[in-house]
Amino acid sequence: MLKRLVVSASAMLVLLTFAPILCAQTDQPPGVAEQLKQRKWNNSPPVKAEYDAKKKAAPAPRRDLWGLWDGTAEGGIQANGPIEYPANPGGSASQAGDRPADDPLLGEPGHFGQPDERGIPHHPPYTALGEETLRANKPGTGIRAVPPGEINDPVDFCDPQGFPRMELYEFRVVELAQTKNQVLFLNQFYDNWRVIWTDGRELPKDPEPRWNGYSVGKWVDDYTFVVDTVGMDERTWLDNVGRPHSSDLHVQEVFHRADYDTLELSVKIEDPKMYTQPWMALNKFVLHRLPDNFDVEEFFCSPSETAAYNNVIGKPVTAPPPK
Amino acid sequence: MRAKRVYYDTLRPLLQTRFQGIRLPAFQAEIGSDAMRNRLTTIFLVGFGLLTVSVPLFAHHGNAAYATGTKITVKGTVTEWIWANPHCWLKFDAKHEKGEMQHWIVEASNPPDMTRQGWAKTSFKAGDEVVVTMMIPKNGAAGIGRFISGPNSIVLNGQPFPSGVANSTQPAPKP
């Protein structure tokens, strides 16, 4: 009897845990998927169920990352922080940021986000400076979410999100291309790109910081490509919930081509000023290969559109309630 | 109709208790108005509770400014549909019972998210009749809302929406 109870309770727990993810996967209205498939332009990636239904993929080609890769289906949007470290009491990174509906403070004037990350399953290992810097960053999502007019997220004003945030937030479609000396990372979100040098050069010793840093990559075996990046501008956030970094940040990415249709990406964050130890923001996060004729919808940050949004919606919904 | 209004008046204090600090708009509740008076727009409260059917559409700007437990439905006439980042928004006009006009702005998500839902730049045009179910801001800012998803959260020219790009009065854009 007790066993039965435990089994059903665990089943319920599992169901509840994955409910937001399940929900996100089935959010297309009926008939839409078929219509979208017929489009030749502005394509949308398939939902996860479609990838899961695919037959076993062909073996991975050697030393080849070429192609269009989709992070959307596996929760790459990561509104509440990286997959492995969501700043969300529910623990789901794919669910858009929200206050829980049963939050006792819901609707209380002036109450929006809390200052720190109490109540989330596990935290990045902050140093004192890391925690202090976190508090100064005001995100629009996660447990620390503030309303639109109070957000100080650089992306909100069309600053580049930079690296590694481009893999830890709005990681939708990325096209990887290889030239003789480079891997090019062409990112859908806000239409930017980065260069990973493969010509054997070393990382700069005293880099002048830049938004996407300086990246060098090498194949450690026929299916595993390792990239090291340094020299990232301190103005960028690591993720969508305001995790900070210093100019000492070192990021290591491991791209593993598991089979023809699957590329796994792990991202390790090392920044001794902000974090007492390295932490894995992504761990074998799955990117699915898209068809070669997939047309990526543009996704620019237009300063004029953003200003209009902030004026028409952001400011009014943020203003204190009238007395 | 009187009974309906009494119902709303009973409901409102309950809502106020549940969502302390939210100034609920002073809606004129009028349900079941004469169908012939279709220029007369009706605003009515349909309910409240957990938004169990809503799905997470909004990635960058979360719902921090919105009372996610509220749910109101407004009928009006589209004036503009803005397909833009960070979020698309629909502008429409709704008339109160006494004839005064309320301009509404209801935000959706970004264009790629909306494309994936079957929406398009051509989904709405000026003059379309819409019935929109939305959540409203915690601070009671008038005339602003955020779409919630669900099979009947939008009715466009008498048809449920979203159900694909073709569900506009215009044909679907040619691929």
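Analyst: Start with the lining of the largest cavity: four nonpolar, four polar and three charged residues. The model is a predicted one. Rolling a probe the size of a water molecule over the atoms shows where empty space is left. Here the count comes to six cavities of 30 Å³ or more. The largest cavity holds about 70 Å³ of space.

From chain A, the lining includes A:Asn43, A:Ser44, A:Pro45 and A:Thr72. A:Arg172, A:Val173, A:Gln188, A:Phe294 and A:Glu297 also line the largest cavity. Chain B takes part too, through B:Pro112 and B:Arg116.

Next, look at chain B itself. Chain B has two helices and eight strands. Along the sequence they run α-β-β-β-β-α-β-β-β-β. Of the 175 residues in chain B, 57% are buried. Among contacts in chain B with a separation of 6 or more, 62% join residues 24 or more positions apart. The accessible surface of chain B is about 7,300 Å², and carbon and sulfur atoms account for 57% of that surface.

Finally, turn to one residue of chain A. A:Asp116 sits in the loop between β1 (67-70) and α4 (128-136). A:Asp116 has a relative accessible area of 11%, so it counts as buried, the cut-off being under 20%. Its side chain makes a polar contact of 2.9 Å with the side chain of A:Arg118. Another polar contact, of 3.5 Å, links the side chains of A:Asp116 and A:Arg135. Leaving out residues up to four places away in sequence, A:Asp116 touches A:Glu131, A:Arg135, A:Ile143 and A:Arg144.

Methods. Residues numbered from 1 in each chain as written. Chains lettered and ligands numbered in written order. Predicted model: local features only at pLDDT ≥ 70, side-chain atom pairs only at ≥ 80, totals over all residues. Heavy atoms only, no water. 1 Å grid on protein atoms, 1.4 Å probe; cavity = no way out; pocket = protein on both sides within 12 Å on 5 of 7 lines; lining within 4 Å. Points joined across faces, edges and corners; volume = space filled by probe spheres on them. Nonpolar A, V, L, I, M, F, W, Y, C, P; charged D, E, K, R; others polar. Helix = DSSP H or I, 4+ residues; strand = E, 2+ residues; numbered from the N terminus. Buried < 20%, exposed > 50% of the residue type's maximum accessible area, 1.4 Å probe, protein only. Contact = heavy atoms within 4.5 Å. Areas by Shrake-Rupley, 256 points an atom, 1.4 Å probe, with all protein chains shown as cover. Polar contact = N/O pair within 3.5 Å; in protein donor to acceptor, adjacent residues only side chain to side chain.
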